[in-house]
Amino acid sequence: MDFFLQLFSDPVGFYQSHELLIAQIGINSLLAISIFVTLFSGQLTLANVGFMAVGAYTTVILSLHASTPLVFNIALGALLAGALGVVVGLPVLRLRGVFLAIATLGFGEALRFGVILNLPITGQGQGLKNPDADPLGGVVPILVALALVAYLVWRLGSSKLGQAWAAIREDELAASSQGINVPLYKMSAFVVGALIAGLAGGLESHINFFVDPTEYGTTRAIQVLTFAVVGGISNVLGPILGATILTSLPEVVRQAQDYRDVINGVILILIIVFRPQGVLGGGGLALIRPRWWPRQWTLTRARTPADA
Amino acid sequence: MAQQLLNAIFIGSIYALFAVGYTLVFGILDVLNLAHSAVFMLGAVITYSLVVIHAQPFFVAAAGGILASAALGLVVEYAALRPLRRRQAPQISALISTIGLALVFVSIVEQSKPGSPLAWLWRDGANSVRFPADRVPNATYHVAGLTLEASKLAILVVSILLMLSLGYVMRYTQVGRALRAVAENPRAARLLGIQVDRIFALTLALSSALGGLAGILFGVALSDVSPYIGRDQVELKGLAVIVLGGMGSIPGAVLGGYALGLIEAIAFIRFGSNVEAGVAFLALFLMLVVRPQGLFGARLRERL
């Protein structure tokens, strides 16, 4: 309760005492947005954490071995992640549904075990120390980046590109018969997601003293998916809300810290069963309708992450 | 070299046993049960706690572990799959809800310490333990310069016998025919008087019993029982196996299991342990890109 009391009574003090939490919420929101973009186009891909690793390692390696400015390092990391997105997307995006999900998960782990753990420049299993880490100074850039990305993705959603993504999600065949270049638009969603994930990785590496290869595994990939599923993908605020709720949950309920994953798991099941459109997103609950709840408000066909 | 190949066959048997359960659910329910690896882990954990905490003989404990795994399969069905089927949710929903269930299972075990409410289930938190050597029969034989452990031989025999009998059941019994009918077309099967929901529950129980048994064998043969053996050691490798063999194909899963064991052994001999750990994912990725239906997969068009 102290958490909320302070949030509303003393926002400045709250910000100062929770800067790291806020930074983590920002990073997780960026990641959730990156998976939101692909979900919005009807594809469930789990490669985001791999792209995040590319961004993080590029940023830290550059600041170790080159004297380029940080902004340049992070930008280059994001661009490399985007470029890798094109390379991976070309073969993988022909797949659909669970096959796409598995292939992208396999890509993330293959990158981690096959490349990162074997190259001398990435410090192999030891990870990399980041000499320029700045845990507190990194918060503002993260929030600025989040605001910028959220705004851009929100605008994209209503642009021609976003309309094409939505059309593909609803019915791929119908979309292609309307002259939408389905492979191209799928690829663009995948690459935009990779860019955002790479950016998140670069920003996160800047607030940590250490880049740890175990951070970029399947567990994290699934966590990111959880953010988007819980928040809902009707618009860009959903993933941000999901990331905020789930990241701050252990802070809000201190006693529950140990049982965080139990709570996460239960929330995930309850959401996907009873509210597949996420916390944000119209309609009521699936499967349950109290007698007094108007029938037309119940969920018939909502936009769910699972439509991929 | 020969020893490495022998180990490849042993670990391949475990992969195969684990993956058969995975692929059974995918073939019949058309969903990917990602809680399967958590059941694998719980099979080993429950057996371990029956042996060590509750002082049962090993074979009684193993039977208990397998039964508990089957029951957990029913938990997966009733908590994570059936409500989604009632709503006719998309295929991916089940992927997400079973991920949730796996999270719950793993973290419950991980948080069980002496004094916690689940101390009867597990006492070692996030640590890895091994079965006490004097409680688990595991003789060692030396044949022609090779080291053979009884537990690993048992794995080979048990898994081959089980997979043969599964093949027999699927092909020649009434239950097997019902299972195959539901896999082919649930609606038509229901019209023919098959109780489809019951078949689904049976599938989950059967698949989870196999998964739990694989977990027990893994725990004994590799002397490693921890909350993470499912998630870290076999979850994605099991996926690689069923992708190699073709999703939904039982013989494919068996051969895929041995193929992966062999691929890993070769990678280890040629390139070392780091590459060994990653080669499964590389195989998974390449297989999906080059031949998504796997070595034995059918029904490619509709599944893609």
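1. Among contacts in chain B between residues at least 6 apart in sequence, what percentage join residues at least 24 apart? The figure is 72%. For chain A, the corresponding share of contacts between residues at least 6 apart is 75%. Both values come from a predicted model, which scores ipTM 0.85 and pTM 0.86.

2. Confidence in chain B. The mean pLDDT of chain B is 85, with 97% of its residues at 70 or more.

3. Fold of chain A. Chain A holds 13 helices and two strands. Its radius of gyration is 20 Å, close to the 19 Å that the globule rule gives for 308 residues, so chain A is as compact as a globular protein of that length. The C-alpha trace of chain A spans about 65 × 55 × 30 Å along its principal axes. Buried residues account for 49% of the 308 residues of chain A.

4. Fold of chain B. Chain B has 12 helices and two strands. Read from the N terminus, the order of elements is α-α-α-α-β-β-α-α-α-α-α-α-α-α. The radius of gyration of chain B is 19 Å, which agrees with the value near 19 Å for a compact globule of 304 residues. Along the principal axes, the C-alpha atoms of chain B fill a box of roughly 55 × 45 × 35 Å. Of the 304 residues in chain B, 53% are buried.

5. An unreviewed UniProt entry places the feature "transmembrane region" at several ranges of chain A, including residues 46–64, 70–90 and 224–246. The model can be set beside two of these ranges. Residues 46–64 of chain A are 89% helix and 0% strand, with the end C-alpha atoms 29 Å apart. Residues 70–90 of chain A are 100% helix and 0% strand, and there the end C-alpha atoms are 30 Å apart.

6. Contact between the chains. Chain B contributes 38 residues to the contact and chain A contributes 41 residues. On the side of chain B that touches chain A, the elements giving two or more residues are α3, α4 (91–110), α9 (229–245) and α11 (273–290) of chain B. The most comes from α4(B), with 13 residues. By class, this side of chain B has 28 nonpolar, eight polar and two charged residues.

7. Nonpolar core. The largest nonpolar core has 195 residues, and Ala240(B) and Leu284(B) have the most contacts inside it. The largest share of this core comes from α1(B), with 16 residues. Which residues does Leu284(B) touch, not counting those up to four places away in sequence? They are Ile102(A) and Gly106(A), together with Leu239(B), Ala240(B) and Val243(B).

8. Met163(B) lies in helix α5 (residues 150–172) of chain B. It has 20 C-beta neighbours inside 10 Å, so Met163(B) counts as buried. Leaving aside neighbours within four places in sequence, Met163(B) is in contact with Ala16(B), Val20(B) and Val254(B). Met163(B) and Phe200(B) are 37 residues apart in sequence, and their C-alpha atoms are 20 Å apart in space.

9. Backbone points to check. Most residues other than glycine have a negative phi. Asp30(B), although not a glycine, has a positive phi of about 65°. Asp30(B) sits in the loop between α1 (2–29) and α2 (36–52) of chain B. With 16 other C-beta atoms within 10 Å, Asp30(B) is partly exposed. Ala55(B) also has a positive phi, near 55°. Ala55(B) is in the loop between α2 and α3 (58–86) of chain B. Is Ala55(B) buried or exposed? Ala55(B) counts as exposed, because it has 9 C-beta neighbours inside 10 Å.

Definitions and conventions
Residues numbered from 1 in each chain as written. Chains lettered and ligands numbered in written order. Predicted model: local features only at pLDDT ≥ 70, side-chain atom pairs only at ≥ 80, totals over all residues. Helix = DSSP H or I, 4+ residues; strand = E, 2+ residues; numbered from the N terminus. Rg over C-alpha atoms; globule rule 2.2 N^0.38 Å. Buried ≥ 20, exposed ≤ 12 C-beta atoms within 10 Å, placed from the backbone. Contact = placed C-beta atoms within 7 Å. Core = buried A, V, L, I, M, F, W, Y, C linked by C-beta atoms within 7 Å. Nonpolar A, V, L, I, M, F, W, Y, C, P; charged D, E, K, R; others polar. UniProt positions renumbered as here; feature names shortened; annotations may be inferred. pLDDT = per-residue confidence, 0-100.
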